[in-house]
Amino acid sequence: MYIELTSLVIFLLMLYILNLFWLSIYCRIEAKIDFQIRLKEKIDSGTQTTVYSNPRKETIYLLKRVYRWLEHYLYGWMRYSILQVGRIPSNRIRKLLYKYVFAMKLSKGTVISAGCEIRSPWNIRLGKCTIAGNCILDGRSGIIIEDNVVLGMGVHIWTQEHDVNSPSFAVNAEHKGTVIIRKHAWVCSDSTVLPKMEIGEGAVVAAKACVTKNCEAFGIYGGVPAKRIGDRTHELTYELSGKPHWHFN
């Protein structure tokens, strides 16, 4: 009985390690694909049709089509897996998996609390910042958060949204883009940041605000949509410790 139980544990552990291994490969493939897509969007001004004229290129084209067909399943499994990682009661273990498996770019002092939902993690770069619990980081078009930034509980950062006037409900180029949050900014609980926004150095976004326009440095913004309601001191000297406030979080 003991031997059978040990064998089962070893088998399940091997399956888990294999799962992490293929996830790490998948995330890096997706990072390369997303980079090529962004590069093409910057270069191309029109639509071009590619003609495949030899068997090798036709084979590559077929493989790409098969991968795109599988991608919905692969991305779904990745999202399920990273949600489970978000429930692990250890910031250190979560960071190791986010960085080495899911290809997030993290600094040594990054703190990501439990319960966060992270999409397309390979497009996210975090400095020495603190992300409170139950935040959503939509990295599909990129998120950059600099040092000493604090995100409160339940902050949602979106990098893509639908065009309400699109007949096909499409996500057009003007409705997606990287979100940048500069150093010492503070985005308070339950706030929402929409695509292509930049929150300036030392700026504060009040609780439950919705950022639809760039926030200037050292401004205090509140409301829906967020408007400047005050000013913050320029003499900010604090440095985040890079350590979680509680164990098992």
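Leu15 is found in helix α1, and with a relative accessibility of 42% this residue counts as partly exposed. The model described here is a predicted one, and its chain holds three helices and 17 strands. Of the 249 residues in the chain, 41% count as buried, and the C-alpha atoms fill a box of roughly 60 × 60 × 30 Å when taken along the principal axes.

- Leu15 belongs to a nonpolar surface patch of about 680 Å², which is made together with Leu5, Leu8, Val9, Phe11, Leu12 and Leu18.
- Lys42 is one of the residues of a positive surface patch, whose other members are Arg38, Lys105 and Arg125.

**The sheet of five strands**

- Five strands form an open sheet in the order β1-β4-β7-β10-β13, and their pairing is parallel.
- At the edges of this sheet stand β1 (105-106) and β13 (198-199), each of which pairs on one side only.
- Within the sheet, strand β4 (residues 124-126) pairs with strand β7 (residues 143-145) in the parallel sense, over three bridges.
- Arg125, which is also named in the positive surface patch, stands opposite Ile144 in β7.

**The sheet of seven strands**

- Another open sheet is formed by seven strands in the order β2-β5-β8-β11-β14-β16-β17, and here the pairing is mixed.
- The edges of this sheet are held by β2 (111-112) and β17 (227-231), and each of them has a single partner strand, so one side of each is left without a neighbour in the sheet.
- Strand β11 (residues 186-187) and strand β14 (residues 204-205) run parallel and are joined by two bridges.
- Across this pairing, Trp186 stands opposite Val204 in β14.

**How strands pair in general**

- Strands of a sheet pair through backbone hydrogen bonds, and the pairing may be either parallel or antiparallel.

Terms used
Residues are numbered from 1 along each chain as its sequence is written. This is a predicted model: local features need pLDDT of at least 70, side-chain atom pairs count only at pLDDT 80 or more; totals for chains, interfaces and linings use all residues. Side-chain values use heavy atoms; hydrogens and water are left out. Patches are made of residues with over 30% relative accessible area and no salt bridge: like charges are joined within 9 Å, nonpolar side chains (Val, Leu, Ile, Met, Phe, Trp, Tyr) within 5 Å. Accessible areas come from the Shrake-Rupley method with a 1.4 Å probe; for residues, only the protein chains shown count as cover. A salt bridge is a side-chain nitrogen of Lys or Arg within 4 Å of a carboxyl oxygen of Asp or Glu. Lys and Arg count as positive and Asp and Glu as negative; His and the chain ends are not counted. The place of a charge is taken as NZ of Lys, CZ of Arg, CG of Asp or CD of Glu. Helices (H or I, at least four residues) and strands (E, at least two) are DSSP runs, numbered from the N terminus. Buried means under 20% relative accessible area, exposed over 50%, partly exposed in between (1.4 Å probe, protein chains only). Two strands pair if DSSP finds at least two bridges between them.
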